[in-house]
Amino acid sequence: MKILVQKFGGTSVSSEENRKLVVKKIKTALEQGYSPVVVVSAMGRKGAPYATDTLLSLVGENFKRNNPQAIDLLMGCGEILSTVVISEDLFKDNILAVPLTGGQAGIKTNDNYNNAAILEVKPDKLLELLNQGKVPVVAGFQGVSEMGFLTTLGRGGSDVTGAILGAALKADEVQIYTDVDGIMTADPRIVSDATLIQNISYDEVFQFADQGAKVIHPRAVEISRKYNIPLVIKNTLSDCEGTTISHYVEDSDSIITGITHMNDRVQIRVSDNNQQAYESLFDILAEEKISIDLINVFPKEKIFTIASYDLSKFKEIANRINLNCNHIESCSKIAIIGSKMRGIPGVMAKILKALTREKIEVLQTADSHMTIWCLVESKNTQRAINALHKEFNLG
Ligand code: ADP
Ligand code: MG
């Protein structure tokens with residue numbers, strides 16, 4: 001049996017018109033002799049009647065804080081609704097589909113509600129359905145805890161469902177269908193002439209995903225890499241070949257593969273007015289579970305960034321331990337990614353020149369073997385990404 005996992009995102013299942021295209025993709029897989037396992041997200045994006053955010057707005061903040069198990073059950077409803085609606089669309093086309101929750105599909109997790117980790121996948125029921133010639137339609141983004149409660153896998157978790165089912169079923173391929181042609185050199189909403197990357201390695205795409213490109217969840221990339229399952233990103237709304245992700249990718253001429261970014265960063269500068277607190281600051285932040293990055297340590301100053309949602313907690317800590325600090329809110333961490341930049345001189349210089357030309361102040365930089373990061377104020381993000389995209393001829 002040639003198994004294909006096809007995951008459809010929020011936009012793909014949002015309207016009757018789009019769902020017709022979803023059915024077409026599934027039909028094509030069947031015609032090609034594949035046994036498809038379908039994974040679906042909740043219908044539509046923020047604001048849509050059954051989108052995750054809308055469901056969350058049904059209850060108040062106090063209840064949310066105190067009832068994580070109930071909230072996961074609430075959040076899981078969006079994907080469950082999608083499974084039934086898509087099953088009807090398939091039914092109308094004489095395709096026998098069976099809607100399932102993540103738990104019914106065999107996905108077992110721990111009970112870390114809202115961000116549960118997958119412990120095990122038992123694909124017996126899916127295999128049984130496939131053997132009967134049926135098309136399982138699985139609710140993405142969810143599993144079941146050992147106690148039998150519904151758990152959710154964190155935002156973007158339907159990609160993880162697709163990847164983990166692909167691994168458990170030893171699928172020929174996992175296809176992630178979304179509303180763009182594949183992985184592009186930059187988010188097409190930010191750079192209008194961003195181009196499609198047809199082939200990319202797991203390592204590079206992981207870096208993209210991890211550094212803010214929403215198009216695929218980094219865990220989904222990790223799982224597919226680990227189990228060696230080809231991962232393809234495709235557009236439900238077009239017939240484009242999409243982006244194929246694999247271990248080996250032929251050399252291209254370009255040093256830079258693409259650019260992505262993360263919003264909502266805050267740059268912090270701490271001075272050593274209280275030597276003892278200054279020295280133990282990073283330990284204290286680790287204990288308080290505040291993660292930091294872009295860390296530069298000087299004899300009398302430490303500079304780093306935190307997520308916006310940690311800022312008030314950070315301020316409390318700084319007050320408590322009596323440390324002087326300044327911060328710049330609303331920063332973006334731009335990541336310029338390319339596995340071939342290692343050892344090539346002048347890349348950082350080129351980046352800084354392009355940003356200076358645009359009169360964009362660079363607040364901090366960092367680099368690793370395949371990524372260079374620049375921190376800028378968020379009001380400059382779009383201009384900065386466009387300038388860099390142009391500088392490296394990615395359009
Ligand atoms: P889905 O609901 O299908 O999971 P997402 O919104 O999670 O879709 O991901 C698709 C979106 O990712 C695109 O609409 C696009 O704006 C965004 N995106 C960000 N960076 C990139 C990139 N480098 N290439 C393609 N899309 C990107
Ligand atoms: Mg997504």
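**Close-up views of a predicted model**

**View 1. Ala335 has Trp373 as its bridge partner in β18.** The model is a prediction, in which local features require pLDDT of at least 70 and side-chain atom pairs count only at pLDDT 80 or more, whereas totals for chains, interfaces and linings use all residues. Residues are numbered from 1 along each chain as its sequence is written, chains are lettered from A and ligands numbered from 1 in the order in which they are written, and side-chain values use heavy atoms, with hydrogens and water left out. Strand β16 (residues 325–337) and strand β18 (residues 371–377) are joined by seven bridges in the antiparallel sense; two strands are taken to pair if DSSP finds at least two bridges between them. Helices (H or I, at least four residues) and strands (E, at least two) are DSSP runs, numbered from the N terminus.

**View 2. An open antiparallel sheet is formed by six strands.** The strand order is β14-β15-β13-β16-β18-β17, and the edges are β14 (293–297) and β17 (364–367), each of which pairs on one side only. On average, neighbouring strands of this sheet are turned by 25° against each other, direction ignored; axes are lines fitted to C-alpha atoms, for helices over the stretch in contact, and angles run from 0 to 180 degrees between N-to-C directions.

**View 3. Helices α7 and α9 lie across strands of the six-stranded sheet.** Helix α7 (residues 202–210) lies across β13 (258–271), β16 and β18, with a direction at about 55° to β13, contact here meaning heavy atoms within 4.5 Å. Helix α9 (residues 275–287) lies across β13, β14 and β15 (301–307), and runs at about 15° to β15.

**View 4. A four-stranded open sheet shows mixed pairing.** The order of its strands is β5-β4-β7-β8, with β5 (118–121) and β8 (150–152) as edge strands that each pair on one side only. Neighbouring strands are turned by 45° against each other on average, direction ignored. Strand β4 (residues 107–109) runs antiparallel to β5 and is joined to β5 by three bridges, with Thr109 standing opposite Ile118 in β5. Helix α4 (residues 68–92) packs on this sheet, where the helix touches β7 (142–145) and β8 and makes about 80° with the direction of β8, while helix α6 (residues 157–168) lies across β4, β5 and β7 at about 40° to β5.

**View 5. Thr11 is placed in the loop between β1 (2–8) and α1 (16–31).** The side chains of Thr11 and Arg45 make a polar contact at 3.4 Å, a term for a pair of N or O atoms within 3.5 Å; within protein, one must be able to donate a hydrogen and the other to accept it, and residues adjacent in sequence count only if both atoms are side-chain atoms. Leaving aside neighbours within four places in sequence, Thr11 is in contact with Asn18, Arg45 and Asp179.

View 6. Oxygen atoms of ligand 1 lie 3.3 Å from a side-chain N or O atom of Lys7, 3.1 Å from a backbone N or O atom of Gly10 and 2.7 Å from a side-chain N or O atom of Thr178. Taken alone, ligand 1 exposes 570 Å², of which the protein buries 92%, by the Shrake-Rupley method with a 1.4 Å probe.
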